Amino acid sequence: DGSTAQLPDSDAIREEFGCSANQYGQGLPLGRISVAYDLENGLSVDARLAPYGRGERELALEHLTAITAYDQRSSGRRGHTGDLLLFDMGYPALDFIALFVLAGKDVVIRTPDSRIKEVHAAIHAASDDQIIQIPLQTATRRMSPKLRAQYPDLDPAWALSLRVLTLSLEDGRPEYLLTTLLDQMTFPIQVSHGLFVKRWGSETHYDVLKNILEIENFTGKSVLSVRQDFYATVLTSNIQGLIQWELQEEIEAENQHSSRKYAYRLNTNVSVGLLKDTLVTLLMERGNLQEFYDEVKREMKRHRVPIRPGRRAPRTRKTRQKYTMNKRRAL
């Protein structure tokens, strides 16, 4: 998924990133954030801070380039092979999906009703689980120049095979998914619903970046300082995620043998706080790595919170400036 970040106001930042103007032609500078997030391991695989005018699909294709480059470097070893990428509503487009398929990646994408005419027809058919063929080029549709440029030998008559799923949400509203997982026996429609629910972890990650790590609380008004702060925060999140990942197996084993009412998980807020006072020293190689690591693991494990299933909180949108820049609480 993508998001936006409020940036400090300066002429250089406005010029570099742009801003979202209000009815008076004014507005705060904004950056476009996009993160390819490993939902199973809690790590940012690739993160981008781009001008506000850049589209989410464009940044997602940059993630694809980064991931496939990693595949090539890790060929023959454990790496990003057999990936399944989950996308929210803003991504379905024929050329976009084709580029992922041609790169050997499977996708599950939430889609509106009528963005692609063949998908629209499948949604309004009798079945809630259909496999359709969509040719890249027809009498009324030309093959994307982006596809042609990247794959000049690609046959325009090639048809993209997609599965169209219609699911029912808890409140009764329909939800439509496109996927390249065509095997209906291996991946029944119920499994596909469960897979897409996992995408909520991306939303949770943005919540951690913005509200716990305060990624929008920048230390300077130059373009360089904004980029440094952004990627330093992503690095901090990944270090915390790696330590938490190693502890998770221990905690899950304890949950299985516990008589407590709720299962427990690590407290992300406390976990980040445990890193902030020692991480910089550690990265400058002025501390003992093993002692630091063991101590952080012990403290993280001490601070756990219960998992209460079924809890929901409404999402709120804020338009005011979040931080005054006269004090940065964390890293």
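**Close-up 1. Lys105 and Asp83 meet in a salt bridge.** Lys105 is buried because its relative accessible area is 4%, where buried means under 20% relative accessible area, exposed over 50% and partly exposed in between (1.4 Å probe, protein chains only). This is a predicted model, in which local features need pLDDT of at least 70 and side-chain atom pairs count only at pLDDT 80 or more, while totals for chains, interfaces and linings use all residues. Residues are numbered from 1 along each chain as its sequence is written, and side-chain values use heavy atoms, with hydrogens and water left out. The side chains of Lys105 and Asp83 come together at 2.9 Å, N to O. A salt bridge here is a side-chain nitrogen of Lys or Arg within 4 Å of a carboxyl oxygen of Asp or Glu. By this rule the count is 16 salt bridges. Asp83 is also buried, because its relative accessible area is 16%.

**Close-up 2. Arg110 forms a salt bridge with Asp88.** The closest N and O atoms of this pair are 3.5 Å apart. The pair links distant parts of the chain: Arg110 sits in strand β5, Asp88 in the loop between β4 and α3, 22 residues apart. Helices (H or I, at least four residues) and strands (E, at least two) are DSSP runs, numbered from the N terminus. Arg110 is partly exposed, because its relative accessible area is 23%. Asp88 counts as buried, because its relative accessibility is 12%.

**Close-up 3. Arg110 also forms a salt bridge with Glu175.** Here the closest N and O atoms are 3.6 Å apart. This pair, too, links distant parts of the chain: Arg110 belongs to strand β5 and Glu175 to strand β8, 65 residues apart. Glu175 counts as buried, because its relative accessibility is 8%. A network of salt bridges links Asp1, Asp88, Arg110, Glu175, Arg199 and Glu203.

**Close-up 4. Strand β8 pairs with β5 and with β7.** Strand β8 covers residues 174-179. Five of its six residues are buried, so the strand is mostly covered. Two strands pair if DSSP finds at least two bridges between them. Strand β5 (residues 106-111) pairs with β8 in the antiparallel sense over four bridges. Ile109 has Leu178 as its bridge partner in β8. Strand β7 (residues 159-168) pairs with β8 in the antiparallel sense as well, over six bridges. Ser168 stands opposite Pro174 in β8. In a regular strand, side chains alternate between the two faces of the sheet.

**Close-up 5. Gly172 sits in the hairpin of β7 and β8.** Five residues lie between the two strands. Gly172 takes a positive phi near 90°.

**Close-up 6. Phe87, Tyr91, Phe96 and Phe100 form one aromatic cluster.** Rings of Phe, Tyr and Trp (its six-membered ring) pair if their centres lie within 6.5 Å; planes under 30 degrees apart count as stacked, over 60 as edge-to-face and the rest as tilted. By this rule there are six aromatic pairs. Phe87 and Tyr91 form a tilted pair, 5.0 Å centre to centre with 50° between the planes. Phe87 counts as buried, because its relative accessibility is 7%. Tyr91 counts as buried, because its relative accessibility is 1%. Phe96 and Phe100 form a tilted pair, 4.9 Å centre to centre with 50° between the planes. Both lie in helix α3 (residues 94-102), four residues apart, about one turn of the helix. Phe96 counts as buried at 2% relative accessibility. Phe100 counts as buried at 1%.

**Close-up 7. His124 contacts Asp113.** His124 lies in the loop between α4 (117-123) and β6 (129-135). His124 counts as exposed, because its relative accessibility is 53%. Its side chain makes a polar contact with the side chain of Asp113, at 2.8 Å. A polar contact is a pair of N or O atoms within 3.5 Å; within protein, one must be able to donate a hydrogen and the other to accept it, and residues adjacent in sequence count only if both atoms are side-chain atoms. His124 and Thr166 are 42 residues apart in sequence and 9.5 Å apart in space, C-alpha to C-alpha.
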